Amino acid sequence: MRTNLLVAVDVSGSISTKMLQKFYSVINRFFKYGIESIDTVQFDTVLREIVPLKKASVEIKVVGRGGTDFQPVFDLMRTNKAHYDGVIIFTDGCAPDPEITGRRPKVLWIFPDKNCEKASAESLRKFGRCCVIEC
């Protein structure tokens, strides 16, 4: 099964190691359902390198740990030559709302817990759907 989704992982300073473990655990589970490859990108105030994952990873190197800005993710979605069908954003939601111009991408915001969802989902719902990782 092929997917044209981008998975963006918030690696800002407000994201704990435990949250990152949850995020990457969910990404690794995609491979159990027949997904062959997933493009992932880490971001804080800037985007890091897009990394295609072709199998579940035991160890992920996290680069960043600054503030959070969603705008670079949406800029990538608008300009990327691969034409992603949508983006899954793992985040605690602590950032200003992005400005979206042109075609609106399909977005799924995934929060690590109910507290993050309660604090951020209301403003982010205008950009896409929201859910929480239940562990």
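**Close-ups of a predicted model**

Arg-78 counts as partly exposed, with 45% relative accessibility (buried means under 20% relative accessible area, exposed over 50%, and partly exposed in between, using a 1.4 Å probe and protein chains only). Keep in mind that this is a predicted model, in which local features need pLDDT of at least 70 and side-chain atom pairs count only at pLDDT 80 or more, while totals for chains, interfaces and linings use all residues. Residues are numbered from 1 along each chain as its sequence is written, and side-chain values use heavy atoms, with hydrogens and water left out.

View 1. Helices (H or I, at least four residues) and strands (E, at least two) are DSSP runs, numbered from the N terminus. Asp-75 is partly exposed too, at 29%.

**View 2. Six strands line up in an open sheet.** Follow the order E3-E2-E1-E4-E5-E6, and you'll find mixed pairing (two strands pair if DSSP finds at least two bridges between them). Strands E3 (51-53) and E6 (129-132) are at the edges with a single partner each, so one side of each has no neighbour in the sheet. From one strand to the next, the twist averages 25° (axes are lines fitted to C-alpha atoms, for helices over the stretch in contact, and angles run from 0 to 180 degrees between N-to-C directions).

**View 3. E1 and E4 run parallel, with H2 packed on the sheet.** Five bridges join E1 (residues 5-10) to E4 (residues 86-90). Zoom in on Leu-6: its bridge partner in E4 is Val-87. Helix H2 (residues 71-79) touches E1, E2 (38-43), E4 and E5 (106-111), and its direction makes about 165° with that of E4; contact here means heavy atoms within 4.5 Å.

**View 4. Helix H3 lies across E5 and E6.** H3 covers residues 114-124 and runs at about 155° to E5.

**View 5. Asp-97 reaches Lys-126.** This salt bridge spans 3.0 Å, N to O. It links distant parts of the chain: Asp-97 is in the loop between E4 and E5, and Lys-126 is in the loop between H3 and E6, 29 residues apart. Asp-97 is partly exposed at 32%.

**View 6. Arg-48 pairs with Asp-44.** The closest N and O atoms of this salt bridge are 2.9 Å apart. Asp-44 is buried at 3%, whereas Arg-48 is partly exposed at 27%.

How values were computed
Salt bridge = Lys/Arg side-chain N within 4 Å of Asp/Glu carboxyl O.
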